Amino acid sequence: MERVDDLRSRFLGLKGKVIAVVYVFEGDVTEGYQHYDPWKSDVIADWLSAIQEIQCLPFIIDVRTFCEKGFNRTLPVIDYVINLNAGTTDLSVLGLVPSICAFLHIPCIPANTISTIVGENKKISNLVAKAQGCIVPRDLQPTEPSGIFRPANLGSSCGVQLGFPQEIFTKDYLYQEFIPGFDMTIPVLYNPLIDQLDILPAIMYYPSSKDIYWYLGETEKALHKGYTKKAILLSDNVKMHFKSMAASFGISTFCRFDTRVECRSNTELDKLITGEIALERIYFIEINPLPTIKNQINFHTAFQALDATSSFWPCIQAYTDVFHANGFVGFLLSCAILSLKAKR
């Protein structure tokens, strides 16, 4: 009870902070700053609502203006920055906002430059995953027909396809063995009650066709068709493994792991979703250190699947007691801020 009371006090201490939302202005079409999938107004709006829910002050600013004002020392006092500079065609540009935050000594949510760049580059993140003991699909030659092609630096399933394409638009890619089974994403979030990263319920993309060769492609992801989402139980060693994995990438607030769970038949697929998923079935695909956060998205689905047995449950109750609300994005934001405060 004492720890929960302390958590309420820490939540109360968040009130009145100035939180900047640094977003991509889509009208900025400067060469070298192109975006293939910038976050839209619905994402920005949910973050703004979250800031107001925890009774903080939002400061809304586009990336270019933030950079200029930062270097000219004309920014107002800012306690935290939410980095919404994502979806750039040049991976290096993703480090822009967290690098400037580091220069200005402003804590940046969700990740610093190193974690962002290392995580978003699929080639590097696969090497880190292997070194940490994850199973990673084996690399294939372009002449082998049974692989899956993924651009190394793009998200939102852009350019993902079965087989090696006849024409490729990027020199940075992975071509790996395709694993029969299903796609599963594992959200990770800092738990302030235990002062460490913790695992939210994993979310499975259950194919409407029950086809073990179905995968979440660019079209399916954009249209939200061809699948339903199901919360999946993970064994304790899987949870420990991915908490350790997140820490190895330097994550302290939240992130998401995208994986492929191996199974060899439709019958086996249906059996797997009723029990715990073992570690030896899970193939690492990528880590997303800048996951999309808004209502009705993976993190929200996982949040809705929490119950009283979850280690997050007392945190949610404490949050509700303090802010008289139970918004998912507000709760995630408050946990992220407490994580950064704990690091100081």
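This is a predicted model: local features need pLDDT of at least 70, side-chain atom pairs count only at pLDDT 80 or more; totals for chains, interfaces and linings use all residues.
Residues are numbered from 1 along each chain as its sequence is written, and side-chain values use heavy atoms, with hydrogens and water left out.

The cysteines were examined for disulfides. A disulfide is a covalent bond between the sulfur atoms of two cysteines, and here the term is applied to a pair of cysteine sulfur atoms within 2.5 Å. By this rule the count is 0 disulfides. C56 takes part in none, since the nearest cysteine sulfur, that of C335, is 13 Å away. The sulfur of C108 lies 4.0 Å from the closest cysteine sulfur, that of C101, which is too far for a bond. C108 also counts as buried, because its relative accessibility is 10%.

The sheets and helices are described next. Helices (H or I, at least four residues) and strands (E, at least two) are DSSP runs, numbered from the N terminus, and two strands are said to pair if DSSP finds at least two bridges between them. Strands of a sheet pair through backbone hydrogen bonds, either parallel or antiparallel.

An open sheet of 4 strands has the order β2-β1-β3-β4, and its pairing is parallel. Its edge strands, each of which pairs on one side only, are β2 (57–62) and β4 (108–109). Strand β3, which covers residues 80–84, runs parallel to β4 and is joined to it by 2 bridges, and C108 in β4 is the bridge partner of V81. Helix α3 (residues 63–72) packs on this sheet, where it touches β1 (18–23), β2 and β3, and its direction makes about 100° with that of β2. Contact here means heavy atoms within 4.5 Å, while axes are lines fitted to C-alpha atoms, for helices over the stretch in contact, and angles run from 0 to 180 degrees between N-to-C directions.

The axes of α3 and helix α4 (residues 96–104) come within 11 Å and cross at roughly 20°. The two helices α3 and α4 are therefore roughly parallel to each other, given that angles under 35 degrees count as roughly parallel, over 145 as roughly antiparallel, 65 to 115 as roughly perpendicular and the rest as oblique. The crossing of α3 past α4 is left-handed, a term used if the near helix is turned anticlockwise from the far one by less than a right angle, with right-handed used if the turn is clockwise. In this pair, V63, F66, C67, G70 and F71 of α3 meet L96, V97, I100, C101, F103 and L104 of α4.

The residues D46, W47, A50, I51 and E53 in α2 meet V329, G330, L332 and L333 in α12.

Another open sheet consists of 3 strands in the order β6-β5-β7, with antiparallel pairing. The edge strands of this sheet are β6 (161–162) and β7 (173–177), and each pairs on one side only. Strand β5 (residues 147–151) pairs with β6 over 2 bridges in the antiparallel sense, with F149 standing opposite Q161 in β6. Helix α6 (residues 122–131) lies across β5 and β7 and runs at about 45° to β7.

Strand β10 (residues 202–207) is mostly covered, as 6 of its 6 residues are buried. In a regular strand the side chains alternate between the two faces of the sheet. Both faces of β10 are covered, with A202, M204 and Y206 buried on one side and I203, Y205 and P207 buried on the other. Strand β8 (residues 181–191) pairs with β10 in the antiparallel sense over 3 bridges, and I203 in β10 is the bridge partner of T185. Strand β11 (residues 227–234) also runs antiparallel to β10, to which it is joined by 6 bridges, and K229 in β11 is the bridge partner of Y205.

Key. Buried means under 20% relative accessible area, exposed over 50%, partly exposed in between (1.4 Å probe, protein chains only).
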